[in-house]
Amino acid sequence: MEKKGILIVVSGFSGSGKGTLMKELLKRYPETYALSISATTRQPREGEQDGREYFFKTKEEFEKMIAKGELIEYARYVQNYYGTPCDYVEKKLAEGRDVILEIEIQGALKVREAFPETVLLFVTPPTAAELKSRLVGRGTETPDVIESRMNRACEEAEGMDRYDYLIVNDDLDECVEEMHRIIQGEHCRSFRNAKFMKEIKEDLERLKGED
Ligand code: ADP
Ligand code: 5GP
């Protein structure tokens, strides 16, 4: 049976472990998934490479991408622009990969509007205290930025129920497998298999007629 790629949006509080989860999911199932690489105006963190974690852009470059219609969606998040370039996503979906967008909530809702069949997953740590400790433990942000990300988490929590699935990232290993099961289960939804259903109905009619 022909397998069409599904568009998946993964959101979650900054520090909930989305990046870590995505890396592990892609390591375990490299043929199944493709992770979209976003463009952003924020500065690279230590160890991040242009074209691998993000395409790092100036504000002017980013605004040009918006004007040319090169982004599926974009949003402002804590003083910076973030957006999803169209071309890579379209190419990978056509190849049959499940394409994951790791984006914040405003972008997630825009993607759902444009592509209603998108699956929305929200990742949360088991507790709020664990979120703060992961943000501090990551050691990549100043206390000021950590505070703005905790504030933003309060706002984002208001939108959690607009997602299809809530994924609690407690044990990393279990969480990766749960995410994989959820996404692969989505392939069995009847509305995603219209072509198969049409063909088998026709075959049944044909066989019935052969009696
Ligand atoms: P996000 O991409 O959501 O901002 P990260 O993937 O950078 O989050 O994770 C934030 C921090 O939490 C990192 O230091 C990471 O190693 C740690 N982390 C991620 N998942 C877990 C987990 N299941 N248990 C404990 N620590 C975790
Ligand atoms: P970070 O600076 O921690 O890498 O990302 C900050 C937030 O921006 C995260 O919630 C991340 O999911 C979100 N983000 C990353 N890329 C995009 C994107 O292309 N579009 C939108 N809307 N959000 C994004």
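A polar contact is a pair of N or O atoms within 3.5 Å; within protein, one atom must be able to donate a hydrogen and the other to accept it, and residues adjacent in sequence count only if both atoms are side-chain atoms. The model is predicted: local features need pLDDT of at least 70, side-chain atom pairs count only at pLDDT 80 or more, and totals for chains, interfaces and linings use all residues. Residues are numbered from 1 along each chain as its sequence is written, chains are lettered from A and ligands numbered from 1 in the order in which they are written, and side-chain values use heavy atoms, without hydrogens or water.

Ligand 1 makes polar contacts through its oxygen atoms. One such oxygen lies 2.8 Å from a polar backbone atom of Gly15. At Gly17, a polar backbone atom is 3.0 Å from an oxygen of ligand 1. Thr20 contributes through its side chain, where an N or O atom is 2.5 Å from a ligand 1 oxygen. Taken alone, ligand 1 exposes 570 Å², and the protein buries 73% of that. These accessible areas come from the Shrake-Rupley method with a 1.4 Å probe; for residues, only the protein chains shown count as cover.

The shell around ligand 1 holds 13 residues, the closest being Gly15, Gly19, Thr20, Arg138 and Asn169. A residue is counted as near a molecule or strand if one of its heavy atoms lies within 4 Å of it. α1 and α5 each give two or more residues to this shell. The largest share, three residues, comes from α1. Helices (H or I, at least four residues) and strands (E, at least two) are DSSP runs, numbered from the N terminus. By class, the shell of ligand 1 has two nonpolar, seven polar and four charged residues. Here Ala, Val, Leu, Ile, Met, Phe, Trp, Tyr, Cys and Pro count as nonpolar, Asp, Glu, Lys and Arg as charged, and the others, Gly among them, as polar.

Around ligand 2 there are 16 residues, of which Ser38, Arg42, Tyr54, Tyr82 and Glu104 come nearest. A polar side-chain atom of Arg45 is 2.8 Å from an oxygen of ligand 2. Glu73 places a side-chain N or O atom 2.7 Å from a ligand 2 nitrogen. Ligand 2 alone exposes 510 Å², of which the protein buries 96%. β5 and β6 each supply two or more residues of its shell. That shell comprises five nonpolar, four polar and seven charged residues.

Ligand 1 sits in the largest pocket. A molecule sits in a cavity or pocket if more than half of its atoms lie within 2 Å of its grid points. On a 1 Å grid over the protein atoms alone, a cavity is a set of points where a 1.4 Å probe fits but cannot get out; a pocket is an open set with protein on both sides within 12 Å along at least five of seven lines, and lining residues have an atom within 4 Å of a point.

The volume of the largest pocket is about 1,300 Å³. Its lining has 41 residues, with Lys18, Gly19, Arg45, Tyr54 and Glu102 closest to the centre. Grid points are joined across faces, edges and corners, and a volume is the space filled by probe spheres set on the points. α1 (18-28) and β5 (71-77) are among the elements that each supply at least two lining residues. α1 gives the largest share, six residues. The lining divides into twelve nonpolar, 14 polar and 15 charged residues.
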